[in-house]
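Hi,

Here is the structure I said I'd pass on.

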Amino acid sequence: MPHDNTGDARRPPSSKVSVLRKHEIFSDLDNEALEQLGRYAKHTVLKRGATIFSKGDPGNSLYAVISGTVKISISSPDGRNAILNLIGPGETFGEMSVLDGQTRSADAIANTNCEIYVIDRRDFLPFMRSQSALSMKFIELLCARLRWTSDQVEQVILQDLPGRLASALLGLTEKRKLEPTSQTIAITQQEISEMVGMTRESINKQLRAWAARSWVRLEHGAIVVLDTASLRELAEAGAGTDD
């Protein structure tokens with residue numbers, strides 16, 4: 001994984017504590033525990049497109065996103081891609097392989113320029129065993145990830161394109177906990193097509209139809225959700241028109 005650890009020298013322990021506390025999974029730890037975790041966390045800067053790990057790699061580290069977005073995806077031998085999740089600031093990834101000791105089940109790629117903390121499995125597992133509440137937090141996180149994946153499978157199998165796309169947009173806005181007045185999703189139409197399993201052309205047609213109704217606004221590399229109520233109604237119905 002390409003990285004630059006020089007930020008560690010510039011980032012005092014108190015700064016690491018404040019950054020780690022912004023991660024929901026670590027937010028309830030006391031300062032002493034966060035300072036200990038901060039000593040394990042290596043600050044890393046990644047350029048957009050950098051591979052963090054690939055499917056089949058050993059699960060040697062846990063990752064916490066400070067800034068930017070990381071794409072969790074899988075690909076087929078013929079080059080088709082499917083995005084399973086987008087991980088943003090305040091979120092962690094890579095926990096499944098760290099906890100069960102198995103190889104990575106997907107690829108993790110810097111979707112934008114990123115800052116992350118990398119925590120070695122050899123340090124993290126003893127730390128987690130000493131923090132009983134943290135184990136429950138990870139159980140909750142894994143359950144949330146399973147529900148997210150189940151929702152994606154349900155959308156692909158049971159919903160048509162409008163319902164599927166509406167569900168994906170709503171899920172991304174809710175997942176980011178965005179303010180109602182600024183529901184901007186930093187995602188390209190190609191990326192959203194890889195999330196919902198439809199062609200970019202179909203996605204573009206549907207988004208333009210919704211833009212004409214002022215449900216969304218299309219920006220370069222982003223989609224702004226303007227009418228969550230209409231999208232939610234469409235998602236719950238599981239069907240809709242494409243014009």
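**Where two helices cross**

Helix α8 (residues 189-196) packs against helix α9 (residues 200-212) at an angle of about 110°, and their axes are 9 Å apart. That puts α8 roughly perpendicular to α9. On the α8 side the contact is made by Gln-189, Gln-190, Ile-192, Ser-193 and Val-196, which meet Arg-200, Ile-203, Asn-204 and Leu-207 of α9. Sorted by class, this contact has four nonpolar residues, four polar ones and one charged one. Do keep in mind that the model is a predicted one.

**A buried leucine**

Ile-192 turns up again among the contacts of Leu-172, a residue of helix α7 (residues 161-176). Leu-172 has a relative accessible area of 1%, so it counts as buried. Leaving out residues up to four places away in sequence, Leu-172 touches Leu-86, Trp-148, Ile-185, Ile-187, Ile-192 and Met-195.

The partner of β1 is β8 (residues 114-120), and the two pair in the antiparallel sense over five bridges. Within that pairing, Lys-42 is opposite Val-118 of β8.

**Salt bridges**

How many salt bridges are there?

- Asp-28 and Lys-137 meet through their side chains at 3.3 Å, N to O. Asp-28 is in the loop between α2 (13-21) and α3 (31-40) and Lys-137 is in helix α6 (residues 132-158), so the pair ties together parts 109 residues apart in sequence. Asp-28 is exposed, at 64% relative accessible area, while Lys-137 is buried, at 19%.
- Arg-145 bridges to Glu-95, with the closest N and O atoms 2.6 Å apart. This pair links distant parts of the chain as well, 50 residues apart: Arg-145 belongs to helix α6 and Glu-95 to helix α4 (residues 95-100). Both Arg-145 and Glu-95 are buried.
- Arg-217 bridges to Glu-219, and here the closest N and O atoms are 3.1 Å apart. Arg-217 is partly exposed at 39% relative accessibility, and Glu-219 is partly exposed at 38%.

Cheers

Note on methods: Residues are numbered from 1 along each chain as its sequence is written. This is a predicted model: local features need pLDDT of at least 70, side-chain atom pairs count only at pLDDT 80 or more; totals for chains, interfaces and linings use all residues. Side-chain values use heavy atoms; hydrogens and water are left out. Two strands pair if DSSP finds at least two bridges between them. Helices (H or I, at least four residues) and strands (E, at least two) are DSSP runs, numbered from the N terminus. Buried means under 20% relative accessible area, exposed over 50%, partly exposed in between (1.4 Å probe, protein chains only). Contact means heavy atoms within 4.5 Å. Axes are lines fitted to C-alpha atoms, for helices over the stretch in contact, and angles run from 0 to 180 degrees between N-to-C directions. Angles under 35 degrees count as roughly parallel, over 145 as roughly antiparallel, 65 to 115 as roughly perpendicular and the rest as oblique. Ala, Val, Leu, Ile, Met, Phe, Trp, Tyr, Cys and Pro count as nonpolar, Asp, Glu, Lys and Arg as charged, and the others, Gly among them, as polar. A salt bridge is a side-chain nitrogen of Lys or Arg within 4 Å of a carboxyl oxygen of Asp or Glu.
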